[in-house]
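Thanks for passing this one along.

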2 protein chains.
Amino acid sequence: MATLAFRLNTHLFTRDPQQTELGQNIIRKSVELIDRLGFEQFTFKKLAEEINSTEASIYRYFENKHRLLQYLIGWYWSWLEYRIDLFTNSLSQPREKLKACIKVIAEEKKFDATFDFIDEVALHRILVAELDKTYLTKQVDSDNREGLFSGFKSLCKKISEWVIAINPDFPFPNALISTILLSAKQQLFFADHLPSLTNIGKETTRYINLEQFLESLLFNTIDHK
Amino acid sequence: MATLAFRLNTHLFTRDPQQTELGQNIIRKSVELIDRLGFEQFTFKKLAEEINSTEASIYRYFENKHRLLQYLIGWYWSWLEYRIDLFTNSLSQPREKLKACIKVIAEEKKFDATFDFIDEVALHRILVAELDKTYLTKQVDSDNREGLFSGFKSLCKKISEWVIAINPDFPFPNALISTILLSAKQQLFFADHLPSLTNIGKETTRYINLEQFLESLLFNTIDHK
DNA sequence: TGAGTTTGATAGTAATACTATTATAACTGT
DNA sequence: ACAGTTATAATAGTATTACTATCAAACTCA
């Protein structure tokens, strides 16, 4: 099977982890470990033990664990954009594209065999629990200048343009889409841990509920007037 | 002037900081320091130096710096709910209440002399930059069981009830309000650091834009059908 | 074969997030 | 005014974290 690979911003890593076995092990195992321990408890030392390597070796791939997290999240956004492209490509109307897009955003994430050595299900849990930590730091501006958030930004831009195509007078297309992208993951977190803050429920139907909720947010807001 | 004080959940602290001068110094100075350094760089050691005390003394008030952050955020939500009460109390229609409520959420925060030793402007910046770190942890469930998030939850519940009063058939009132409360702070962060993700702008008009955006989200969504 | 690169092994450091102990200062009640 | 309690400061110490440095073994490819 021909496996695809994403070309991520080179500032996200010191040495490209996709190119070597050690690099791939770092990615594979860090997804598992961050998912299991949470980002705070995750250390390069623990990771090194798990893959039978050393801290020093991991530092040759990633400057620090924060960069590694940014890399993983960057990978996630690339993957999501790839999936959105896949399901909107054949559609011609912006409204249809948006509908399909919301579906992809809200759907339950499944393992994607197109991409080796990444467990998308665990990575999605990492997104839900850790995304905000990638940019809620004092270095956000210099990180941004290096293009570390281009995955999220390009996705937001692409979807916003469909919104503009439907209603060019709506003044907040980017705000609306970034709100929806973040709300999608927040509501999943709340469903699991702070259920009184949401209504999407704990069962599998929550993905359908989430889709409905995001759809009503999106279309009612842009269709108004 | 008679100063009010909020009764916060007792699990947020080991000894009540509002009761002693040292405690008040801890609060006052930690707001300044977390605002300046960011939560990651903030330590009890640095705080102790600033207030001419010791780490050990601070640990008598707060189990750790994470609890201190949760305390400050808890205080913020109490303050916001108090302000919302203030501006909605005289109104009878739920729609009017919601409108006033959005205004309070979106408005530029100013120093509130009702509450001594808390700089609400700096505290609001802390909310914007650090809120998510209070619950995006592996201990979220036990923290929640101790009631550490009751400030946010009670606010969300109160506002959701007005939504239900307007449209009892809308299936996602809590999801809508938690999304709006979080979007308010996210959009302010994006305006400062990742401006392509928002449209509220960098100038003072951004608070008006934010209010408009949140209003359109809220009312278009609940008024539909 | 041999030069260059990648990795593993080992060591070390400064800072962090605490805990423990003790002495003294400050306040409390009779 | 004095004994008893409590709060605080001072000091010390620990395990862990987030790195950095050095060097030799292994593997790569021209």
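1. Where is the place of Asn52(A) in chain A? Please bear in mind that this is a predicted model. Asn52(A) sits in the loop between helix H2 (44–50) and H3 of chain A. Its phi is near 55 degrees, which is a positive value in a residue other than glycine. Most residues other than glycine have a negative phi. Asn52(A) is also exposed, because 7 other C-beta atoms lie within 10 Å and the cut-off for exposed is 12 or fewer.

2. A second residue of this kind is Phe117(A), with a positive phi of about 50 degrees although it is not a glycine. You will find Phe117(A) in the loop between helix H5 (94–106) and helix H6 (120–135) of chain A. Phe117(A) has 16 other C-beta atoms within 10 Å, so it counts as partly exposed.

3. Next, the DNA. There are 14 residues around DNA strand D, and those that come nearest are Ala56(A), Asn64(A), Leu22(B), Ser53(B) and Ser57(B). Helix H3 (55–59) of chain A and helix H3 (55–59) of chain B are the elements that give two or more residues to this surface. The largest share, 3 residues, comes from H3(A). By class, the surface near DNA strand D has 4 nonpolar, 6 polar and 4 charged residues.

4. Now for DNA strand C, which has 14 residues around it; Ser53(A), Ser57(A), Thr43(B), Ala56(B) and Asn64(B) come nearest. Two or more residues are given to this surface by H3 of chain A and by H3 of chain B. Here H3(B) provides the largest share, 3 residues. The surface near DNA strand C divides into 4 nonpolar, 6 polar and 4 charged residues.

5. How many residues of chain B are in contact with chain A? The count is 42 residues of chain B, in contact with 43 residues of chain A. On the chain B side, the elements that give two or more residues are helix H6 (120–135), helix H7 (140–145), helix H8 (150–166), helix H9 (173–193) and helix H10 (206–223). H9(B) gives the largest share of that side, 11 residues. By class, the side of chain B that touches chain A has 17 nonpolar, 18 polar and 7 charged residues.

6. One residue of helix H9 of chain B is worth a look: Thr179(B). Is Thr179(B) buried or exposed? With 29 C-beta neighbours inside 10 Å, Thr179(B) is buried, because the cut-off is 20 or more. Leaving out residues up to four places away in sequence, Thr179(B) touches Thr179(A) and Ser183(A). Thr179(B) and Leu217(B) are 38 residues apart in sequence, and their C-alpha atoms are 9.8 Å apart in space.

7. Finally, a helix pair within chain A. The axes of helix H4 (residues 65–88) and helix H8 (residues 150–166) of chain A come within 8 Å and cross at roughly 25 degrees. H4(A) and H8(A) are therefore roughly parallel to each other, since angles under 35 degrees count as such. The crossing of H4(A) past H8(A) is left-handed. H4(A) makes the contact through Gly74(A), Trp77(A), Ser78(A), Leu80(A) and Glu81(A), and H8(A) through Gly151(A), Phe152(A), Ser154(A) and Leu155(A). The residues of this contact are 4 nonpolar, 4 polar and 1 charged.

Note on methods:
Residues are numbered from 1 along each chain as its sequence is written. Chains are lettered from A and ligands numbered from 1 in the order in which they are written. This is a predicted model: local features need pLDDT of at least 70, side-chain atom pairs count only at pLDDT 80 or more; totals for chains, interfaces and linings use all residues. Two residues are in contact if their C-beta atoms, placed from the backbone, lie within 7 Å. Helices (H or I, at least four residues) and strands (E, at least two) are DSSP runs, numbered from the N terminus. Ala, Val, Leu, Ile, Met, Phe, Trp, Tyr, Cys and Pro count as nonpolar, Asp, Glu, Lys and Arg as charged, and the others, Gly among them, as polar. A residue is near a molecule or strand if its C-beta atom, placed from the backbone, lies within 6 Å of it. Axes are lines fitted to C-alpha atoms, for helices over the stretch in contact, and angles run from 0 to 180 degrees between N-to-C directions. Angles under 35 degrees count as roughly parallel, over 145 as roughly antiparallel, 65 to 115 as roughly perpendicular and the rest as oblique. A crossing is left-handed if the near helix is turned anticlockwise from the far one by less than a right angle, and right-handed if clockwise.
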